Amino acid sequence: MNQRSLLQLVKETILIVLLLTIGIFTATAQYTSKDTYTFKQQGTPQVVKPYSCTVFIKNRNSVNNITGIPLYSGKDSIGHMTLNPTGSTFGIVTSKKKKNLREAYIYSLIEADNKIAKIDNKKLGNPSSMVYFPDGRTLAVATDKGIFFLDLKKYQPYAEIKDVPFVPTEMTVSPNGYFLAVTDGKNLAVYNIEERKLRKSFDLGTGVNDLAFSPDSSDFAILTDDGVLNIYSTRTFDLRKMVDDLGDALACIYNFDGKYMGVVTNPNTVAVINLLRDSEREYFPNELGSTSDVEFIPNSTGDTFLVYPMVNNLQMIKMPNLKPYYNKLIADELSNKMAEWEKMMPGESMEEYRNRVTDESRARQRRLFEDEISTNFAGDLLAGATMSLGSYDRANGVLALTFDTMPTIFLPVPESDAVGFKNPDDLVLSDVQYGILPDDSFEIVYAKVTNNADGKSYIYDNLQRAAMDYMAVEDAVSLEVLQQQQMEEIKLQEIREKVMQEAKKENVISDHTNISVDSRVVPDYDANGKKILNYKVNFTYDVDPEFSVVEDFGPGKYHVGESGAASSMLKIVKDAFEGDFKQYISKGKKLNITLCGTADATPIIRGIPYDGSYGDIESEPVYKDGELSTITVTRQTGIKENDQLALLRALGVKDFLENNVDNFNDMNTNYKYEVNISKDKGSAFRRITVDFTFVDAF
């Protein structure tokens, strides 16, 4: 390592986090106004790329971190840059001044000037752009010979897209890994990554300045040089929305939940647009100019910052006006509540279940949950609202009550009572319920209105308004499939009970260990826009704290056989998928598995030997407390950190599945690793969980 080592970069990142969290300002970051910070740069930044709470910057021939420290610098011009979502590496495409020759390199984000790999021009062709996949496991490289998919262990191609009709200069991958969008600034195409086939080509008749997928991958945005943002549904690739009057429309980016879009409208201005109500725009001008890119980044306390370059500077502005995407939050909670309600109740027979759960009762319960959840999210909107009396409609017998923050409601009032409404201050609203509108604003859907002038009360009831189906996946799971899933849930619970009783007899576990099995059917769409049903099954366990050191992992242990609770849970998995559920284990069928290993906060003082059971693990992409990173564990270095221990526990589950469950290796399996490190100490915080998602299972 040289002077710009891992330690220095880590210190700088911590400095940025502190700066954005509590407002510490240093010589590096100039505090210009409230919640606005400017970072001096050597040269004018052209591109900014985020990772965690900081950003990295591409200049004409260098890549720097946020404080201006160069991670790479050279004589050749950098035409393209891509950042590994794990935060470990970045890729650049450089071009010679006098030759029509481009070269592509991979460099470390941790140690400056550390070249990891060079893309083979002779084998792949003259490179034009690169992009990492969201899971940090694949790099796509576009050349004059096609688009190649490289693994990140040896940087060798394992697949390619041939016959690309143009040489892409910009590429982006959807967060769900379904789509690869490519453009040369004029032509545009979207490919189905799994099938490596063209999904959609576009003839926009104008220049393409930027591309972006929404965070949930449901939308695809194209920013064109005529000042228009075109948003397409990724299910059909039909146009959903157009946002115009965006000036030069130089660059764009979604915020983290997809409700807002940041757009560079000209070199002196960035606009933040509410995509649900695009007339709602906030502009951020800068006198220095040369703004060519924009990004959103979070800080450790959940705030969002808008980041964009200027002449010899990088500006960060705290964004307190970005409101949550309530429709999605409500839809997610509604889905979870409905999934729980649709389960068979303890002791409920199938006949009783069929009588309770019908199409009519599901629709009714969904509406009740929707109103309950929306009302909770809305809070007390009346407290900050100004109410006025509107006109009285004699034909319909309703009085308009208007609000400055919500839509008008029309209260049924007999004409003889209408004259009694003289002062809005006399009116008291109680038992208020709220609903959510497509533009993410709330409306009153039910209220009791009392006129204190005469003591009379009236009911406003709009509970039968249109439901929020505009947020739901088309069509709910059919009753037939739901009933089938509930029958299988009964079988899962029977297997669980049998295995647990056997384990208790053999003193592997006791009554202090509880293993949980949960399943549900989830509607989804595949990369071709076809509606599918995924089958999700979750296995987890809990051990009473005072018994966890005996029945679960002991300190420093990671083999599943060293935990009675973990081995019992995996015995349930084996018995289920080799028995009643073997229909889901079929050759070539797609299966997504999330393995989560946890560890406690007990420090590892002298290190723990690693016996190499799962091979040497080099820069494995792992979600650590929800953020993608990498972990390395080798026999030579051993185990020095708790996150390494947690990963080994997760890898133990993969090893068990591949070596103990019949026909499991025949499936098209994708593994995702998660590690969680508790802030507390003790064996109660050492365990594993496993989630199976059988794609297109029904």
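Colleague: What does Arg-362 form a salt bridge with?

Modeller: Glu-342 is the partner, and the closest N and O atoms are 3.0 Å apart. Keep in mind that this is a predicted model, so that distance is computed from predicted coordinates.

Colleague: Where in the chain do Arg-362 and Glu-342 sit?

Modeller: Arg-362 is in helix H5, residues 359-378. Glu-342 lies in the loop between helix H3 (326-341) and helix H4 (350-356). They are 20 residues apart, and the pair links distant parts of the chain.

Colleague: And why would two such side chains pair up?

Modeller: Side chains of opposite charge can pair when their charged atoms come close.

Colleague: How many salt bridges does the structure hold?

Modeller: It holds 30.

Colleague: OK, confidence next. What's the mean pLDDT?

Modeller: The mean for the protein is 90, with 93% of its residues at 70 or more.

Colleague: Noted. Switching to helices: at what angle do H9 and H10 pack?

Modeller: About 35 degrees, with their axes 11 Å apart. H9 covers residues 564-577 and H10 covers residues 642-660.

Colleague: Is that crossing left-handed or right-handed?

Modeller: Right-handed.

Colleague: Which residues make the contact?

Modeller: From H9 you have Leu-570, Val-573 and Lys-574. H10 brings Val-653, Phe-656, Leu-657 and Asn-660. By type, the contact residues divide into 5 nonpolar, 1 polar and 1 charged.

Colleague: Now the strands. What's the order in the sheet that has S7 in it?

Modeller: S7-S8-S9-S10, an open sheet of 4 strands with antiparallel pairing. Strand S7 (77-83) and strand S10 (115-118) are at the edges with a single partner strand each, so one side of each has no neighbour in the sheet. On average, neighbouring strands are turned by 25 degrees against each other, direction ignored.

Colleague: How many bridges join S7 to S8?

Modeller: There are 6, and S8 spans residues 89-95. Met-81, for instance, stands opposite Ile-92 in S8.

Colleague: What about the sheet with S3 in it, which strands are at its edges?

Modeller: Strand S3 (47-51) and strand S6 (70-73), each pairing on one side only. That sheet is open too, with 4 strands in the order S3-S4-S5-S6 and antiparallel pairing. Its neighbouring strands are turned by 15 degrees against each other on average, direction ignored.

Colleague: And how many bridges join S5 to S6?

Modeller: 3 bridges, with S5 being residues 62-65. Asn-64 stands opposite Pro-70 in S6.

Colleague: Last one: how do S36 and S37 pair?

Modeller: In the antiparallel sense, over 13 bridges, between residues 513-525 and residues 531-543. Val-522 has Asn-534 in S37 as its bridge partner.

Colleague: What lies between S36 and S37?

Modeller: The two strands form a hairpin with 5 residues between them. Gly-529 in the turn has a positive phi of about 85 degrees.

Key: Residues numbered from 1 in each chain as written. Predicted model: local features only at pLDDT ≥ 70, side-chain atom pairs only at ≥ 80, totals over all residues. Heavy atoms only, no water. Pairing = 2+ DSSP bridges. Axes fitted to C-alpha atoms, helices over the stretch in contact; angles between N-to-C directions. pLDDT = per-residue confidence, 0-100. Left-handed = near helix turned anticlockwise from the far one by under 90°. Contact = heavy atoms within 4.5 Å. Nonpolar A, V, L, I, M, F, W, Y, C, P; charged D, E, K, R; others polar. Salt bridge = Lys/Arg side-chain N within 4 Å of Asp/Glu carboxyl O.
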